Amino acid sequence: MKGKIVLVTGANGALGREVTQAMLDAGATVVGTSRKIQATEFSGDTFVALPGELSSSAGAQAVVDFVVSKFGRLDVLAHTVGGFAGGPSIAETDDATYQRMIDLNLNCTFYLLRAAIPVMRKTRGARIVAIGSRAAVDPGAGVGAYSASKAAMVALIRTVAAENKDVGLTANVILPGAMDTPANRQAMPTADVSKWVQPAHVAALIAWLAGEAGKDVNGAVLPVYGGDV
């Protein structure tokens with residue numbers, strides 16, 4: 001990854017932090033964006049902190065414009081931003097919850113892709129890797145809005161893969177099961193965490209997909225379910 005310019009969204013989240021560090025360890029220059037983020041959160045001079053907002057078209061465009069103005073190109077986009085809401089059935093889900101899931105999991109992705117793709121098409125062999133969810137293909141009761149938003153995101157990424165294969169731009173989506181994060185441990189204190197997916201393992205997969213060895217993987221929907229299969 002030496003010399004590569006990488007944009008990581010949600011860079012200081014539980015997964016995003018692991019992804020950012022994995023990219024830095026691989027030699028990449030990383031622009032990490034989040035609503036609140038500081039350069040001191042990662043060591044080294046190849047990390048650039050970029051406070052940003054992806055919930056609007058203008059916000060996503062501003063993030064991509066910053067990367068291009070500073071480095072002239074974008075080689076890898078690792079998109080880890082998302083949100084979860086569950087509990088109510090479809091019949092009981094209110095408009096605000098449904099719209100929040102669409103905004104966080106689908107619209108943010110769409111706005112970012114629309115801004116980044118024209119730039120990334122100029123970089124032969126650019127890579128896009130997004131984080132979906134097992135719920136996108138294996139929905140359950142009480143997570144209808146979340147599952148629908150993640151399923152739509154999967155369709156979006158696969159469409160990007162088909163539309164940009166002519167320039168060698170790959171787009172793949174990873175579907176983790178429950179990940180071992182502080183938030184999940186707090187929300188599910190009685191769960192068997194030994195079956196959960198380690199964020200560092202997902203980060204390693206993203207780094208592999210972004211590297212030379214991953215160039216032949218395109219349009220893939222990759223399940224990472226840990227011990228809970």
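Q: Is E41 buried, partly exposed or exposed?
A: This is a predicted model, where local features need pLDDT of at least 70 and side-chain atom pairs count only at pLDDT 80 or more, while totals for chains, interfaces and linings use all residues. Residues are numbered from 1 along each chain as its sequence is written, and side-chain values use heavy atoms, without hydrogens and water. Buried means under 20% relative accessible area, exposed over 50%, partly exposed in between (1.4 Å probe, protein chains only). E41 has a relative accessible area of 27%, so E41 is partly exposed.

Q: Which residue forms a salt bridge with E41?
A: A salt bridge is a side-chain nitrogen of Lys or Arg within 4 Å of a carboxyl oxygen of Asp or Glu. Here the closest N and O atoms are 3.3 Å apart, and the partner of E41 is R17.

Q: Is D180 buried or exposed?
A: D180 pairs with R185 in a salt bridge, the closest N and O atoms being 2.6 Å apart. R185 is partly exposed, because its relative accessibility is 42%. D180 has a relative accessible area of 17%, so D180 is buried.
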